[in-house]
Amino acid sequence: MHDPTDRLAEARAFYGRSMAAASGSGDPRIGEVFETLPREAFLPTGPWHMLVAQQYIETPSADPVHLYRNALIALDVERGINNGEPFLHAAWIGAVAPRPGETVIHIGAGGGYYTAALARLVEPGGKVFAYEIDERLAEMARRNLAPYGNVTLIHADAVEARLKRADIIYVNAGVVAPPVSWLKALKPGGRMIFPWRPAQEIGLAVLATRARAGFAIRIVGGSWFIPCSGASDRALSLKAPSPREARTSRSIVLTSERAPDDTATAIYPEVWFSSEAVKGKETVRERIRAIQLAESKELPAK
């Protein structure tokens with residue numbers, strides 16, 4: 001008879017390898033983190049509800065082996081709140097490339113699963129400040145993250161909060177435009193990934209990097225998250241982008257620094273998106289990161 005312990009270990013090992021592949025990164029720690037991070041510790045008691053084709057189906061049992069797959073698992077069935085899609089988060093984590101010693105702001109911590117992964121990836125010396133506006137989710141995350149000494153869980157509105165300076169801002173709620181305070185919280189070379197929802201039919205994952213001359217962006221893929229309280233009002237759009245304009249955006253500009261011009265793809269009161277790439281030479285930090293990324297992609301596959 002197959003040992004259930006071996007079966008779970010096998011599922012976790014394959015899940016870790018799958019997450020590493022989905023990350024598009026050469027960082028071997030990503031696979032190791034997701035193989036060893038118990039997903040069940042950040043979910044309600046099983047059996048669990050898995051979202052399939054917009055409906056929930058219950059797992060056959062409370063055996064955690066059912067959780068180690070690319071599936072959305074409910075945190076709150078009644079409100080339709082889920083633990084995020086693993087392969088999507090793997091790709092996002094690969095894009096922001098957390099390094100030891102860095103500071104991360106996680107906006108929309110949910111049950112804390114991906115917060116814990118980020119916390120592991122910035123060890124040693126790194127810290128994560130996780131914001132969760134929902135009271136029930138914040139309490140769940142606080143319990144789940146208690147073993148992680150480098151995580152501070154904050155039950156507050158991150159749009160209104162004064163964020164600490166950060167190397168990474170990881171946003172898990174859809175925004176019409178990122179608040180200026182988030183952009184300004186990024187350190188030079190800092191990265192912010194967020195779900196951009198400028199129109200009902202547009203859902204894009206955007207990676208913004210703070211360069212010396214502004215905020216460079218690139219589209220990482222599609223993304224559909226619940227709206228971010230305080231940053232999802234489309235009525236604030238002075239110019240909403242078409243799907244094509246959204247995908248051709250290459251930078252975010254602060255309106256206080258430069259008025260929108262004919263390169264504008266989307267315009268809001270305090271920021272605007274441009275089809276023009278950020279000008280100016282890269283910072284030393286950016287160059288070092290580019291070299292590290294290039295070297296990591298040359299590592300042999302495991």
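Four bridges join strand 12 to strand 14 (residues 271-274), and the two strands run antiparallel. This is a predicted model: local features need pLDDT of at least 70, side-chain atom pairs count only at pLDDT 80 or more, and totals for chains, interfaces and linings use all residues. Residues are numbered from 1 along each chain as its sequence is written, and side-chain values use heavy atoms, with hydrogens and water left out.

Strands here are DSSP runs of E with at least two residues, helices are runs of H or I with at least four residues, and both are numbered from the N terminus. Two strands count as paired if DSSP finds at least two bridges between them.

Strand 12 spans residues 251-254 and is covered on both faces. Ser-251 and Val-253 are buried on one side. Ile-252 and Leu-254 are buried on the other. Buried means under 20% relative accessible area, exposed means over 50%, and partly exposed lies in between (1.4 Å probe, protein chains only).

**The whole chain**

The protein has eight helices and 14 strands. Its radius of gyration is 19 Å, close to the 19 Å that the globule rule gives for 302 residues, so the protein is as compact as a globular protein of that length. The radius is taken over C-alpha atoms, and the rule is 2.2 Å times the number of residues to the power 0.38. Along the principal axes, the C-alpha atoms fill a box of roughly 70 × 45 × 35 Å.

Of the 302 residues, 50% are buried. The accessible surface is about 14500 Å², and carbon and sulfur atoms hold 53% of that surface. These areas come from the Shrake-Rupley method with a 1.4 Å probe; for residues, only the protein chains shown count as cover.

Contact means heavy atoms within 4.5 Å. Take the contacts between residues at least 6 apart in sequence: 59% of them join residues at least 24 apart.

There are 36 positive and 33 negative side chains. The centres of the two sets lie 6 Å apart. Lys and Arg count as positive, Asp and Glu as negative; His and the chain ends are not counted. Each charge is placed at NZ of Lys, CZ of Arg, CG of Asp or CD of Glu.

**Covered helices**

Helix 3 (residues 86-96) has nine of its eleven residues buried, so this helix is largely enclosed by the rest of the structure. Among the buried ones are Pro-86, His-89, Trp-92 and Val-96. Ala-97, with a positive phi near 50°, follows the helix.

Helix 4 is mostly covered, with eight of its nine residues buried. Its buried residues include Tyr-113, Tyr-114, Leu-118 and Leu-121.

Asn-144 belongs to helix 5 (residues 135-144). Asn-144 counts as buried, at 15% relative accessibility. Setting aside neighbours within four places in sequence, Asn-144 is in contact with Ala-41, Phe-42 and Gly-111.

**Loops and backbone exceptions**

Most residues other than glycine have a negative phi, and most peptide bonds are trans. The table gives some exceptions.

| Site | Backbone feature | Value |
|---|---|---|
| Gly-46 to Pro-47 | cis peptide bond | omega near 5° |
| Glu-123 to Pro-124 | cis peptide bond | omega about -5° |
| Ala-53 | positive phi, not a glycine | phi about 50° |
| Ala-97 | positive phi, not a glycine | phi about 50° |

Pro-47 sits in the loop between helix 2 (28-36) and strand 1 (49-52). Pro-124 is in the loop between helix 4 (113-121) and strand 6 (127-131).

Ala-53 lies in the loop between strand 1 and strand 2 (55-58). Ala-53 is exposed, with a relative accessible area of 69%. Ala-97 is in the loop between helix 3 and strand 5 (103-107). Ala-97 is partly exposed, at 22%.

Ile-226 occupies the loop between strand 11 and helix 7 (243-247). Not counting residues up to four places away in sequence, Ile-226 touches Ala-173 and Gly-174. Lys-164 is 62 residues from Ile-226 along the chain, and their C-alpha atoms are separated by 24 Å.
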